[in-house]
Amino acid sequence: SAAACLGQLGIDTLVVDREQRIGDNWRLRYRALMLHNQFYSNHLPYMPYPATWQPYLPKDRIANWLETYVDCMDINFWTQTSFEGAEFDDTSGRWTARLRRGDGVRTLQPKHIIMATSVSGTPKIPDIPTLDQFAGEVLHSSQFNGGANWRGSKVLIIGTGTSAHDIAQDLHGHGAQATLVQRSPTLVVQIEPSAQLYDGVFLGAGPSIEDRDLINTSMPLPVTLAAHKLLTDKAKEFDRPILEALRKVGFRLSD
């Protein structure tokens, strides 16, 4: 999105990605992965998703769209490239950035660097005592690609976020015995209608997507926080039956 917008302003940009193919950060994840909000609030600038697409997009469709988007928007893109670091020169007003590619390290001198590595782009396995002595397979959720290979197995899932629930459901559907381990309370919101409350500005008839983006981003953070508290109260009303059922089995909830 940033590269496309900068490109329309005539600013030369380069996107670098460690993966082998554009979109692999989606394409290589577990098979059940898909957006948990409707595509109306996930459009990329200048090229909205086709109106005929299903509301909740699966990972491969998103991956292929990213690849198409880069081509159609003329975005300069280097795959199999790692950003190793950079230093800023006050005199020249430029960075000296080091990029590692298959043929060695390239040095570039951009004026600006945008870090767009997401909130969950780096796998993290907690330091659990005696885990190194476990004789079975240990993997991070980013390495899980489907439940078919786990039929008949007992699987322990550490965590109760979206990926944990997706993986547990996939394992259960393939005949594995999955157990979730919860440490901290978890926010649980049903996909419909509750999760869509937060994206209400993008749903239904109304102004253009550009105007809706402007409306959404123009909200001061304190106003957004107050609005989300009201929306969460409404979501809890909609979700009361499932929340009560979760509490009965000992699941710890947070809002």
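**Figure 1. Around Leu57 in the predicted model.** Setting aside residues within four places in sequence, Leu57 is in contact with Met34, Leu35, Phe39, Tyr49 and Ile62. Please keep in mind as you browse these views that the model is predicted.

Figure 2. Which residues have the most contacts inside the largest nonpolar core? They are Tyr49, Trp53, Leu57, Trp65, Tyr69, Met73 and Ile75, in a core of 16 residues. Two or more residues of this core come from each of helix 1 (2-8) and helix 3 (59-72). Helix 3 gives the most, with 4 residues. Apart from this core lies another one of 11 residues, including Val155, Ile157, Ala168 and Leu171. As background, nonpolar side chains in soluble globular proteins tend to be buried together.

Figure 3. The strands are arranged in the order 3-4-5, with antiparallel pairing. Strand 3 and strand 5 (104-108) are at the edges; each has a single partner strand, so one side of each is left without a neighbour in the sheet. From one strand to the next, the twist averages 20°. The antiparallel pairing of strand 3 with strand 4 runs over 7 bridges.

Figure 4. Arg100 and Glu84 form a salt bridge, with their closest N and O atoms 2.6 Å apart. Arg100 belongs to strand 4 (residues 94-101) and Glu84 to strand 3 (residues 82-89), so the pair ties together parts that are 16 residues apart in sequence. Are these two residues buried, partly exposed or exposed? Arg100 is partly exposed, at a relative accessible area of 40%, and Glu84 is partly exposed as well, at 39%.

Figure 5. A salt bridge joins the side chains of Lys59 and Asp60, at 3.1 Å from N to O. Lys59 has a relative accessible area of 5% and counts as buried because this value is under 20%. Asp60, on the other hand, is partly exposed, with a relative accessible area of 37%.

**Figure 6. Lys236 with Asp255.** Another salt bridge brings together the side chains of Lys236 and Asp255, at 2.6 Å from N to O. This pair links distant parts of the chain, 19 residues apart: Lys236 sits in helix 6 (residues 221-238), and Asp255 in the segment after helix 7 (240-248). Lys236 is partly exposed, with a relative accessible area of 32%. Asp255 counts as exposed because its relative accessibility of 60% is over 50%.

**Figure 7. A network of charged side chains.** Which residues are linked in a network of salt bridges? The members are Arg21, Asp24, Arg27 and Glu67. Across the structure there are 9 salt bridges.

Figure 8. The peptide bond from Glu192 to Pro193 is cis, with omega near -5°. Pro193 lies in the loop between strand 7 (177-181) and helix 5 (209-217). Gln80 is not a glycine, yet it has a positive phi of about 50°. This residue, Gln80, is in the loop between strand 2 (77-78) and strand 3. Thr130, also not a glycine, has a positive phi of about 70°. The loop holding Thr130 is the one between strand 5 and strand 6 (154-158). Thr130 is exposed, with a relative accessible area of 52%.

**Figure 9. The setting for the close-ups.** Finally, we step back to the chain as a whole. The protein chain has 7 helices and 7 strands, which follow one another from the N terminus as α-β-α-α-β-β-β-β-β-α-β-α-α-α. Along the principal axes, the C-alpha atoms fill a box of roughly 60 × 55 × 40 Å. Of the 255 residues, 23% count as buried. The accessible surface comes to about 17300 Å², with 53% of it belonging to carbon and sulfur atoms. Among contacts in the protein chain with a separation of 6 or more, residues 24 or more positions apart account for 51%.

Technical notes. Residues are numbered from 1 along each chain as its sequence is written. This is a predicted model: local features need pLDDT of at least 70, side-chain atom pairs count only at pLDDT 80 or more; totals for chains, interfaces and linings use all residues. Side-chain values use heavy atoms; hydrogens and water are left out. A salt bridge is a side-chain nitrogen of Lys or Arg within 4 Å of a carboxyl oxygen of Asp or Glu. Buried means under 20% relative accessible area, exposed over 50%, partly exposed in between (1.4 Å probe, protein chains only). Two strands pair if DSSP finds at least two bridges between them. Axes are lines fitted to C-alpha atoms, for helices over the stretch in contact, and angles run from 0 to 180 degrees between N-to-C directions. A nonpolar core is a set of buried Ala, Val, Leu, Ile, Met, Phe, Trp, Tyr and Cys residues joined through side-chain atoms within 4.5 Å. Contact means heavy atoms within 4.5 Å. Accessible areas come from the Shrake-Rupley method with a 1.4 Å probe; for residues, only the protein chains shown count as cover.
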